[in-house]
Amino acid sequence: MSRDTTAVTLRHPGHSRGLFDIPRWFFLLKLLVRKEIRVRYRGSVLGMLWTYVKPATQLVVYYVAMGRFLRLNDRVDNYVVYLFSGIVVINLFNEILRNTTASIVGNAPLVGKVYLPRELFPVASVWVAFVHFLPQVAVLLVGALVFGWRPGPMNILAFVAGVLVVAVFSLGIGLMFAAWNVLFRDAENFADLIGMVSIWLSPIFYKWDMVAGAVPAWIWAIYACNPLSVAAELFHYAFWAPTRGVVADVPTQFGIWAAVASAVCIIVLVLGQMVFRHHEVRFAEEL
Amino acid sequence: MDNEPVILVENLDKTFVLRHTRSIKEYVVWTMRGRKGELSETFKALNNVSLTVSQGESVGLIGLNGSGKSTLLKLISGVMQPNAGSVRVRGQVAGLIEVGAGFHPDLTGRENVYLNGAILGMSEKELDAKFDEIVAFSEIEKFIDTEVKFYSSGMFLRLAFSVAVHSRPDIFLVDEILAVGDEPFQQKCLAKIRELKGQGQTLVVVSHDLRRIQEICDRGILLDHGNVVLDGTISEAVDRMHNK
């Protein structure tokens, strides 16, 4: 009952249309995500509860150190909400970056033996990161509501935009890192390094205007247009600005920053896909 | 059977670079000692290989270790890309390079059937429909909801083989499939493969088990150090290999 393939043209095996091919493999993608989550929490008592425990601990520690000891609590209204909405952004970024970087090497037995569009693995990693992201957003929502969160449509839109910015940006970098990690395992350490730095080089603990006055104009420009800064500001606008007693101080030039950051995200994603495809042909032999 | 080619391999070259080190430290040390040339060496796995496989053919690739059989299979499946020459295929290729590629020890048998089936290109509907048949063929119904790491190697291979033969690709690529389970199960597998063959399934098989491969394949290709030495019937190829 083998299908009649005479109508099908000859093609070169092992070529895909990259990210554009992913929707066709949706079913497998779903199973890969499920596998990833099952494997991560194997033999764990708390299981998925860890997605709550880790950010909660993070929040308490940072709040005590930054809010109380360094007295940011006195300078920023509803500092807890401010802090956590930023942490959530950085956590999403870091997890996507770490997961995607390890995704090809982690699936080496598959990559080396069966041909699938290899972008499936980084994309599955992004999805896994979102599974961990949503509980954090839920906690953030509860926290914001306690502080009298009353969002308008613009605030909700800012949240969606912020998520998009982080997802596109980190997938782009992640694709490059995933490919480099096959050649040099240093990429994983490098991704960790970026994760360590990113939380300090975007307005998570402090407010953006504290940076503006402290550095030369060109550094400030880079800082402000960094997609992570923009995403953090979008999240602040979504969750922190509409809470009780906060006077929203949207930077006047935010539109320009957001536009530049969006362009950067798209360029990074295109670049990431190109680097990935360039190295993809050698994945099977290098692993 | 019509003679439409489903696999067309032309002037295929594949070279591997074997790197001995990646670290900066060793790179510097070796360079200073004038041994830079030894940092990597190239190895030609396939040399100007051409072949055509028509629909419904069953081809056995044989040769000693390192003759390039598995590399050729990987190039046909698209897992690897050639350095020169071209590979073209028609229809869906099951990249079943080894039985059980993609099985995860921490998932249950059931989960692995779905995951592996999807990897081999089956849709959710197909898998739902064939699930019982797959499990029944493997004869491990009792353990289907047990994690695969607790399986014996025989049970594992049975399940993996069962998923693979039920995936029904246009071209079936198989590396060392024939050592599956005990004698009765092997007979069952052979019968299944013959059944597929009877239905016009194209097969390319790599194996060291020369007796078994003669039971399955009609055509044989003997490879030696990346060169095609003989392309004829399977018994000719096996005889030639024995006489060397």
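1. Two strands count as paired if DSSP finds at least two bridges between them. Strands themselves are DSSP runs (E, at least two residues), as are helices (H or I, at least four), and both are numbered from the N terminus. In chain B, strand β1 (residues 5-19) is joined to β4(B) by five bridges, and the two run antiparallel. Within that pairing, I7(B) faces V89(B) of β4(B).

2. A note on the model and its labels. This is a predicted model: local features need pLDDT of at least 70, side-chain atom pairs count only at pLDDT 80 or more, and totals for chains, interfaces and linings use all residues. Residues are numbered from 1 along each chain as its sequence is written, while chains are lettered from A and ligands numbered from 1 in the order in which they are written.

3. The three-stranded sheet of chain B is open, with the order β2-β1-β4 and antiparallel pairing. Its edge strands are β2 (40-54) and β4 (84-89), each pairing on one side only. From one strand to the next, the twist averages 25°.

4. Chain B also has an open sheet of six strands. The order is β5-β6-β7-β3-β8-β9, and the pairing is mixed. β5 (93-94) and β9 (227-233) of chain B each have a single partner strand, so one side of each lacks a neighbour in the sheet. Strands β6 (residues 171-175) and β7 (residues 202-206) of chain B run parallel and are joined by five bridges. L173(B) stands opposite V204(B) in β7(B).

5. In chain A, look at helices α4 (residues 79-106) and α7 (residues 153-183). Their axes come within 7 Å and cross at roughly 30°. Axes are lines fitted to C-alpha atoms, for helices over the stretch in contact; angles run from 0 to 180 degrees between N-to-C directions. α4(A) is therefore roughly parallel to α7(A), a label for angles under 35 degrees. The crossing is right-handed, meaning that the near helix is turned clockwise from the far one by less than a right angle.

6. Residues are in contact if their C-beta atoms, placed from the backbone, lie within 7 Å. On α4(A), the contact residues include L92(A), F93(A) and I96(A); on α7(A), they include V166(A), L171(A) and F177(A). By class, this contact has 15 nonpolar, seven polar and no charged residues. Ala, Val, Leu, Ile, Met, Phe, Trp, Tyr, Cys and Pro count as nonpolar, Asp, Glu, Lys and Arg as charged, and the others, Gly among them, as polar.

7. Between the chains, the contact takes 39 residues from chain B and 29 from chain A. On the chain B side, the elements giving two or more residues are β1, α2 (69-77), β4 and α3 (109-119). That side divides into 16 nonpolar, 13 polar and 10 charged residues.

Conventions:
Angles under 35 degrees count as roughly parallel, over 145 as roughly antiparallel, 65 to 115 as roughly perpendicular and the rest as oblique. Two residues are in contact if their C-beta atoms, placed from the backbone, lie within 7 Å.
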